[in-house]
Amino acid sequence: MSQWEKLTKMPAAFTQQLHDLYDKEALPMDVRHYLSSWIESQPWQRAAGDHDLANVLFQGLLENLDIQYSRFLQEESFLMQHNIRRYKQNFQRYQKNPCILARNVCWFLQKEEEILQTVVLAEQVQALQVEQGGLVSSTQQDLDRRTASLKNEVQCMEHTVACLEEQQDEFDFKYQTYCMEAVASEAETEKFQMLINKVNECRQDTLIGLKKLLTKAKALSTLVKKELAQWQRRQQKACIGAPDSVCLDQLEKWFTCVAECLFQVREFLCKLEELVGKVTYEHDPVKAQKPILLKETERILTDLLKSSLVVEVQPSMPQGRSPLVLRTGMQFSVKTRILVKFPELNHSMKVITSMDREAPQIKGYRHFNLLGTVTKALSMAESQSGGMGADFRHLTLKEQKPGGGGGKGANDLSLSVTEELHIICFDSLFELKGVAVELQARSLPVVIISNSSQQQSARASVLWFNTLSLDTKDVLFFANPPAATWQQFGRMLSWQFLSAAQRGLDDDQLEMIAQKLFEQQQNYDMCSVAWAKFSKEKSPDTFWVWFDGIVVMVKSYLEDLWRDGLIMGFVSKGKEKTLLKKKARGTFLIRFSESVIGGITFSWVETMTGDPKVKTIQPFTKSDLSQIPFHEIIRNFLILEDDNVPENPLLYLYPNTPRDDAFGKYYTDKTGNDSPYLKYIKTQLVFVSKENTLEAVPLMLTDMPRDQHLQTMNGESAEAAGPSDDILETHLDLHVDPMLYDSAANSDEDVVYSSSPFTDSQLLDVSLLPPAL
């Protein structure tokens, strides 16, 4: 199946991403659709750096558009003829530089792959939820059983009321006939007394049945609202990466069932009142009990309805990294849904949004105006599952001008911008069959920033609040934020990797993080992390800055490697040496840097003389990984041995997996000078004098001239190694072809150190060899 076919067959929940992607003129969706097979079969990536090939593809695109135009001409599709002609004219602007067209098509194809990956992730999460279903299936089964029982009893009550009406009609007919007779016998009088007694008994039984119905409906309503509270907690955790299910379909089924049954109970009571209007008598039980039962019915129904309006999708920006972080002037979306689904209310209920209805009286607390379409109708068309929702897609926030610093008597509480929490409110009116109830819903607290530099701190606040707070209205949470237990904290950290790269943290990785926070301990269960230690310490880089830098790097450049468990990641340098020194020469592991933000490095065992020695490369950062995939660095890494023979020292991924077995599936088909990752890179061998010992290592072989000489310089490793550490520093000189990339860039990144027998005065010519496989 082609990539485009997969995209067109995605679940409806993901199609909006595709529409947003092709909401541009660079590559119209019509062209992508009608030329899908041809587009996916062309070497666009190679053409991005090859002008001649790009020109061939450009001409091929025009020819295919001509073919499509002829086809629509035969089909007499006037509109598509017009569109294809316009698209062809627009593509003419690439005639002078077709490489730009090739780069654009590459970008679109890559974004399509990312959308498909989100679908795969959603399916995996759903599968995980199915596996976990046994944990909650008993509750769901109990609710399903109770709702089915309630519906059955309501049907039985409907039959009971119908029988009561028939019995009363029979009595009324006979009684009217009896009254018209001039003389009535005592036997007939006793007969009618028996009939009225039966009516009275039937009314009492009906009222008893209605009481039982209300008792069951009340109990079921309580259970359903309890399940809603658990869903709201799951939604909180899902907003910070937890793989919890937030599907509302089951809740909607339960809510609707209880509401329908309560409406039917109201109808039964109204029917009883109608029957009383026809026939009544002294001590009629309906007269005494009907008002009480109706009041109780409406109380249960009103209470249920007030819980039925929820925020199905929390506020988020399309370009944001996470929900609940909004930026002034930037569009965001939020979606509400009513869980009591009555088709007759489709499009008739309006939802109105507002900001901070109960804003705290705090000096300096900001206030915002909500702009955009703030009123929408609940509609089944707004929900992929058929529920009734209102999807607000184009809202923005504008800060109000300060008006006196909070007013007289305002509390003088200092909160930073990213600790200030705000709530978006939603109001609606439910009106059906004589029942009118005002509904309200609130979003989870959002953090509102005005600059992208505040994004990381805002994300930290969202994580902390939703990890620890069960009171979703507490906008003053950060006035006195609680500490997180290690269990809570570690689980939250694991979710960040699970949501970013589909694999969480294992116990060993969490233990290394615990050691970083609390130092070595026997057990960390009694440990806790304060908010200040997480994100507020007066230091250049807080724990969150360090950790988030790693998450971003993994999501951007290392997702596949992390998901497949090839990166050990969180392991201290001490434990690293303990693990590797027991292994054969060439065994290596990959870990995150403890001192370089968003850095990743690898260490390997190299036997020199005596005990095995462990050598470590200076960390690579996103500037390196954005130009060379990490698996290609592993594949082509070379150092110069004693005999000046380059070789790759990375042989076995810890514990004992051959390098190419571990990383082979990621390798590109091309190698050597044909590799797109090596073609534009120059490498310099850099010598560093240190205590009369010259240390040097070449990282990669490239198109560097064969007469290029080594340069001598002094340097220190970015990893704070001890005196016995062997730290290798890489120097990458990257030359980017302007035809392949948007702009040429040279990178003077990290340099590599390793032990070498040369003296300070020696220089060595580098001969270029094919890369080691």
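S603 is part of strand β15, residues 600-606; strands here are DSSP runs of E of at least two residues, helices are runs of H or I of at least four, and both are numbered from the N terminus. S603 is buried, with a relative accessible area of 0%. Buried means under 20% relative accessible area, exposed means over 50%, and partly exposed lies in between, with a 1.4 Å probe and protein chains only.

Apart from neighbours within four places in sequence, S603 is in contact (heavy atoms within 4.5 Å) with E576, L580, T587, F588, L589, R591, V614, K615 and T616. One of these contacts, L589, is 14 residues from S603 in sequence, and the two C-alpha atoms are 5.7 Å apart in space.

## Basis of the model

This is a predicted model, in which local features need pLDDT of at least 70, side-chain atom pairs count only at pLDDT 80 or more, and totals for chains, interfaces and linings use all residues. Residues are numbered from 1 along each chain as its sequence is written, and side-chain values use heavy atoms, with hydrogens and water left out.

## The whole protein

The secondary structure of the protein consists of 22 helices and 26 strands. Of its 773 residues, 47% count as buried. Among contacts between residues at least 6 apart in sequence, 71% join residues at least 24 apart.

The protein exposes about 37,800 Å², and carbon and sulfur atoms supply 50% of that area. Accessible areas come from the Shrake-Rupley method with a 1.4 Å probe, and for residues only the protein chains shown count as cover.

## Helix α14 and its two partners

Helix α14 (residues 486-501) packs with helix α15 (residues 507-518) at an angle of about 125 degrees, with the axes 11 Å apart. Axes are lines fitted to C-alpha atoms, for helices over the stretch in contact, and angles run from 0 to 180 degrees between N-to-C directions. α14 and α15 are therefore oblique to each other: angles under 35 degrees count as roughly parallel, over 145 as roughly antiparallel, 65 to 115 as roughly perpendicular, and the rest as oblique. The crossing of α14 and α15 is right-handed, that is, the near helix is turned clockwise from the far one by less than a right angle. On α14 the contact is made by W486, F489, G490 and L493, and on α15 by L510, I513, A514, L517 and F518. By class, this contact has 8 nonpolar, 1 polar and no charged residues; Ala, Val, Leu, Ile, Met, Phe, Trp, Tyr, Cys and Pro count as nonpolar, Asp, Glu, Lys and Arg as charged, and the others, Gly among them, as polar.

Helix α13 (residues 455-468) packs with α14 at about 130 degrees, with the axes 11 Å apart. α13 and α14 are therefore oblique to each other, and α13 passes α14 in a right-handed crossing. The residues in contact are R459, L463, W464, T467 and L468 of α13 and Q488, F489, M492 and Q496 of α14. This contact has 5 nonpolar, 3 polar and 1 charged residues.

## Backbone points to check

The peptide bond joining Y654 and P655 is cis, with omega about 5 degrees. P655 is in the loop between β19 (652-653) and β20 (657-658).

H347, a residue other than glycine, has a positive phi near 75 degrees. H347 lies in the loop between β3 (332-338) and β4 (350-355) and is partly exposed, with a relative accessible area of 47%. E519, also not a glycine, has a positive phi of about 65 degrees. E519 lies in the loop between α15 and β13 (528-529) and is exposed, with a relative accessible area of 59%.
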